[in-house]
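Look at the sequence and the model below.

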Number of protein chains: 2
Amino acid sequence: MEQLIIDTSSREYPVYIGEGLLHRSAELLASVLEGKSRALIISDSNTAPLYAETVRDSLEPLLSVHIHTLQAGEHSKSLEGYDQVMTACINARLDRHSVILALGGGMVGDLAGFAAATYMRGISFVQMPTTLLAQDSSVGGKTGINHPLGKNLIGAFHQPEAVLYDTDTLASLPDKEWRSGFAEMIKHAVIKDPDLLVRLRTEVQNTEDMKKDSLKQFLKQSMTVKADIVKEDEREAGVRAFLNFGHTLGHALEKASGYKDLTHGEAVAAGMIFAMKVSNYLQYSEWDTAAETAWFKALGYPVEAPAAFEPAALVETMKSDKKARAGELTFVLAASPGKPFLANVEERDILHLLSEMKKGECRDD
Amino acid sequence: MEQLIIDTSSREYPVYIGEGLLHRSAELLASVLEGKSRALIISDSNTAPLYAETVRDSLEPLLSVHIHTLQAGEHSKSLEGYDQVMTACINARLDRHSVILALGGGMVGDLAGFAAATYMRGISFVQMPTTLLAQDSSVGGKTGINHPLGKNLIGAFHQPEAVLYDTDTLASLPDKEWRSGFAEMIKHAVIKDPDLLVRLRTEVQNTEDMKKDSLKQFLKQSMTVKADIVKEDEREAGVRAFLNFGHTLGHALEKASGYKDLTHGEAVAAGMIFAMKVSNYLQYSEWDTAAETAWFKALGYPVEAPAAFEPAALVETMKSDKKARAGELTFVLAASPGKPFLANVEERDILHLLSEMKKGECRDD
């Protein structure tokens with residue numbers, strides 16, 4: 001088992017990474033659960049049948065445990081899903097000394113975390129991620145839900161009491177989900193761990209390589225990057241914005257594709273290649289975008305996805321990004337691995353680069 | 001103009017109390033609004049027609065100002081009202097550097113504050129209370145909305161950047177609302193300012209007395225009690241619970257009456273008399289409950305309200321109070337003015353005292 005400590009201004013908490021951890025929930029969460037009145041496991045219809053009872057069986061000697069199962073899928077991460085979870089909290093008679101256990105992927109973690117942040121003005125919660133993507137979202141205390149007019153527009157900062165990451169749960173993930181999570185690992189390497197980036201490039205050439213034993217080490221290094229940044233800037237007033245590398249265009253691509261065809265990580269992967277192109281175009285960097293594109297394609301990422309959409313529509317979406325200030329276009333760029341920075345970019349430059357990609361696609365047709 | 005500083009662990013902010021302050025919004029909020037991109041005034045259908053344009057006219061030289069008007073009434077403090085406000089925030093293109101101005105009574109302050117706490121994971125807001133009751137709720141950072149299964153079950157702690165309390169707005173309040181707010185002033189006096197309690201008893205014998213010039217001084221003293229307690233305990237881990245004096249039964253009465261016949265303060269007033277009776281019954285105190293009851297009746301408070309409801313039903317509601325721990329009955333009691341304390345009280349004692357009141361009412365019939 002690997003272990004990390006996340007140290008933020010509001011709370012310090014452990015991250016456990018390893019095999020078979022769900023069976024050891026009671027042992028690993030003993031100090032979190034001490035003095036707690038009740039627990040509510042929030043999970044989804046894919047995950048609950050596989051793991052919810054394992055967790056409940058482990059914890060029931062310590063306290064009373066309820067399970068609430070959401071319909072799987074991003075649509076549950078909505079005000080309606082939130083209403084449902086709040087009702088479940090009340091029906092389970094949770095009080096201020098209760099704890100919510102978020103068992104699932106990013107949707108479950110974000111929604112259950114927001115419920116914990118706002119039920120009776122805030123109760124404890126534990127992240128129990130079951131996807132590779134959730135290695136990223138489970139750490140750092142960002143919680144939230146979507147609004148029909150934009151993703152994650154409603155939310156709160158609320159740190160978990162612990163993160164229990166059982167890597168056995170990853171075995172059942174489809175390749176698309178492995179790619180989605182792996183993109184965030186690449187992102188962490190690009191913005192803050194050049195050595196990890198070299199190792200990933202050397203050792204991972206396709207989806208099967210992602211699943212090898214080295215994964216736990218990569219995970220620890222990747223989550224350490226996240227932990228270091230969150231420690232420095234819990235509330236996203238500064239360096240935490242670097243975690244948005246690839247996300248400005250990534251979010252716009254997700255929205256343009258109706259949150260269906262592209263996973264989050266796939267959209268971010270396309271966004272990272274684009275951010276490298278922007279960095280080069282503005283002469284901040286000399287990324288070998290051809291080589292990066294080839295590696296990303298080998299891993300299965302849809303790096304040409306932006307070409308499928310109207311540049312002007314993507315730009316409009318990017319202007320209303322949460323990180324944007326009053327209609328400006330803000331990008332995280334990178335001078336080289338480990339050297340990210342924030343830049344306001346001119347709309348015409350972004351339109352130009354997106355149009356180039358679109359023309360490129362037309363030529364390929 | 002009176003001025004207070006509220007000093008909490010998360011933020012220090014000013015409270016301005018006086019006449020004509022809404023006209024001076026730009027001057028008083030200058031430092032809050034510096035660097036802000038946009039403002040959204042959230043108000044309700046009673047308040048907005050009276051004051052929203054005054055505030056907008058004052059602020060528009062500084063930044064762009066939108067107004068969103070909710071339907072007046074507690075029913076807007078719901079998930080539906082919250083959804084509506086979040087949509088208004090997005091449509092007004094608020095970003096993380098924008099500010100929400102909560103112009104109205106407690107409903108508006110609580111809902112708009114919760115919106116500010118959770119829009120893009122938290123933006124700035126200013127409280128501009130227009131009722132006497134909101135002298136209490138506008139200070140201290142408690143925000144929230146109701147759930148069909150319970151009041152204020154959804155919420156967050158989020159301190160405003162400033163409180164601007166224009167006492168001219170109180171002139172139009174009906175007597176019922178004066179009484180509602182005055183009850184919280186009595187509560188502050190009981191738990192922490194015996195001198196204020198003496199002055200209130202001496203100088204205020206009926207509703208008209210509440211409206212005299214001494215009000216601003218009383219308000220400052222009352223809000224100082226709140227400020228001192230919030231400073232000591234922002235997150236309600238300790239002494240802040242004393243602010244709940246009269247509220248355990250008060251909340252149950254509000255619920256039992258369907259949130260219609262009793263205002264919050266009226267229910268709290270009845271709850272305070274009851275808490276004094278509980279304190280006496282358990283031999284913690286020697287309140288002259290006959291004299292207190294006579295004063296409360298002269299002020300117009302429905303101190304016999306508990307007799308109208310089934311004791312067992314009231315007890316069930318009190319057990320599920322947010323402050324309760326796993327089904328216990330927790331009361332704030334007071335040994336004497338300025339000496340509050342928390343106590344777990346036996347269900348049979350509460351049932352006994354409520355039944356006595358009910359019998360008393362039957363005899364009167």
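For "binding site", an unreviewed UniProt entry lists Glu184(A), His247(A) and His264(A). They are spread over 81 residues of sequence, yet they cluster in space, with a largest C-alpha distance of 10.1 Å. UniProt positions follow the numbering used here, feature names are shortened, and annotations may be inferred rather than shown by experiment.

A word on the ground rules. This is a predicted model, where local features need pLDDT of at least 70, side-chain atom pairs count only at pLDDT 80 or more, and totals for chains, interfaces and linings use all residues. Residues are numbered from 1 along each chain as its sequence is written, chains are lettered from A and ligands numbered from 1 in the order in which they are written, and side-chain values use heavy atoms, leaving out hydrogens and water.

**The first site**

His247(A) lies in helix 11 (residues 247–256) of chain A. His264(A) is found in helix 12 of chain A. Helices (H or I, at least four residues) and strands (E, at least two) are DSSP runs, numbered from the N terminus.

Which residues does His247(A) contact, leaving aside neighbours within four places in sequence? They are Glu184(A), Lys187(A), His264(A) and Val268(A). Contact means heavy atoms within 4.5 Å. With residues up to four places away in sequence not counted, His264(A) touches several residues, among them Glu184(A), His247(A) and His251(A). The side chains of His264(A) and Glu184(A) also make a polar contact, at 3.0 Å. A polar contact is a pair of N or O atoms within 3.5 Å; within protein, one must be able to donate a hydrogen and the other to accept it, and residues adjacent in sequence count only if both atoms are side-chain atoms.

**The second site**

The "binding site" annotation of an unreviewed UniProt entry also covers Thr130(A), Thr131(A), Lys142(A) and Lys151(A). Thr131(A) is found in the loop between strand 6 (124–129) and helix 6 (134–137) of chain A. A polar atom of the Thr131(A) side chain lies 3.1 Å from the backbone nitrogen of Ala134(A). Lys151(A) lies in strand 8 of chain A.

Are these residues buried or exposed? Buried means under 20% relative accessible area, exposed over 50%, partly exposed in between (1.4 Å probe, protein chains only).

| Residue | Relative accessible area | Class |
|---|---|---|
| His247(A) | 5% | buried |
| His264(A) | 19% | buried |
| Thr131(A) | 13% | buried |
| Lys151(A) | 19% | buried |

**Where the chains meet**

The contact takes 35 residues from chain A and 35 residues from chain B. The area buried between them is about 3300 Å², with carbon and sulfur atoms giving 56%. Buried area is the accessible area (1.4 Å probe) that two parts lose on being put together, summed over both.

Two salt bridges are found across the interface of chain A and chain B. Arg96(B) forms one with Glu236(A), the closest N and O atoms being 3.0 Å apart. A salt bridge is a side-chain nitrogen of Lys or Arg within 4 Å of a carboxyl oxygen of Asp or Glu.

**Two backbone angles**

Phi of Gln283(A) is near 60°, a positive value in a residue other than glycine. Gln283(A) is exposed, with a relative accessible area of 73%. Phi of Arg121(B) is near 65°, also positive in a residue other than glycine. Arg121(B) is buried, at 8% relative accessible area.
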